[in-house]
Amino acid sequence: PRLADAWVDYGNLLWINGQPEHARFCYDHAISIQPKAVSAMNNSAVAELLSRGMENWEVVQEAYSLLKKASKIKSKNKIVRYNFASLLNYYRLFSAALPSWKGVATQQEVPDIYDGFAIALQGIGKVTESKKYFAKANEAGAGEDRFSFQFHRAASGIDGSQLGGANCLKVLGDLNKDRLRGFEVSSVRSLERTCSKWKEIN
């Protein structure tokens, strides 16, 4: 196990120095030495996603398998829980993500964790409960101008009325579009189409 830990540490050093591909080799080598090396599994999954992209399905499947296996070995590891839940949220698998969010939210009071939990709750229709966790994220120091808060504030405003559609579009219009990345861009475009339909129908 000590030798595996050394490879993880070396991988971390390479990652910090901007060499994620080489870092991933170290993590994978650590796993070959110690198949239950949870930190190596977690880091390999994250390095894979960040270096090769979250739209590459082969990469996503490999990362998912690593994080799922790591979470089974150490079910209370908060870092693994957070990364696993974040990946599930990204692909809108909110019901599957909830157990991990619930677990990690009881371990650490961090804005990103509360946000992730709130997004998953809203994704399965528990809007009132999600607002509570968005509020907790705000109390923990998150800025109200963050994408997750503004996007889901816009989404929660859709009530099937012309006013709801207009309010949704106003919130989305206030977003700084130049700062949006990846799934954020497609999410905003999709919600804008939905809000526009409600505005036109009524």
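What percentage of the 202 residues of the protein count as buried? The share is 41%, where buried means under 20% relative accessible area, exposed over 50% and partly exposed in between (1.4 Å probe, protein chains only).

This is a predicted model, in which local features need pLDDT of at least 70 and side-chain atom pairs count only at pLDDT 80 or more, while totals for chains, interfaces and linings use all residues. Residues are numbered from 1 along each chain as its sequence is written, and side-chain values use heavy atoms, with hydrogens and water left out.

**Figure 1. Overall fold.**
The protein has 11 helices and zero strands. Helices (H or I, at least four residues) and strands (E, at least two) are DSSP runs, numbered from the N terminus. The C-alpha trace spans about 65 × 30 × 25 Å along its principal axes. Take the contacts with a separation of 6 or more: 48% of them join residues 24 or more positions apart. Contact means heavy atoms within 4.5 Å.

**Figure 2. The disulfide between Cys-168 and Cys-195.**
A disulfide is a pair of cysteine sulfur atoms within 2.5 Å. The count by this rule is one. Cys-168 and Cys-195 form the pair, with an S to S distance of 1.8 Å. Cys-168 sits in helix α10 (residues 162-173) and Cys-195 in helix α11 (residues 183-201). The two are 27 residues apart, so the bond links distant parts of the chain. The S-S torsion is about 55 degrees, which makes the disulfide right-handed. Both Cys-168 and Cys-195 are buried. Another cysteine, Cys-26, is buried at a relative accessible area of 2%.

**Figure 3. Helix α7 and its surroundings.**
Helix α7 (111-123) has 13 residues. From first C-alpha to last, α7 reaches 18 Å, close to the 18 Å expected at 1.5 Å a residue. The expected span is 1.5 Å times one less than the number of residues. Of the 13 residues of α7, 11 are buried, so the helix is largely enclosed by the rest of the structure. Among them are Tyr-114, Asp-115, Phe-117 and Gln-122. The cover over these buried residues includes α5, α6, α8 (127-139) and α9. Gly-125 follows α7 and has a positive phi, near 95 degrees.

**Figure 4. The second largest pocket.**
This pocket holds about 250 Å³ of space. On a 1 Å grid over the protein atoms alone, a pocket is an open set of points where a 1.4 Å probe fits, with protein on both sides within 12 Å along at least five of seven lines. Lining residues have an atom within 4 Å of a point. Points are joined across faces, edges and corners, and the volume is the space filled by probe spheres set on them. The lining includes Arg-92, Gln-122, Phe-151, His-152 and Leu-191. Helices α7, α9 (147-156) and α11 each supply at least two lining residues. Helix α9 gives the most, with four.

**Figure 5. Arg-92, a lining residue of the second largest pocket.**
Arg-92 lies in the loop between α5 (78-90) and α6 (94-105). Its phi is near 60 degrees, a positive value in a residue other than glycine. Arg-92 is exposed, with a relative accessible area of 58%.

**Figure 6. Glu-48 in helix α3.**
Glu-48 belongs to helix α3 (residues 38-52). Its relative accessibility is 1%, so Glu-48 counts as buried. Beyond its neighbours within four places in sequence, Glu-48 is in contact with Arg-24, Gly-53, Val-59 and Glu-62.
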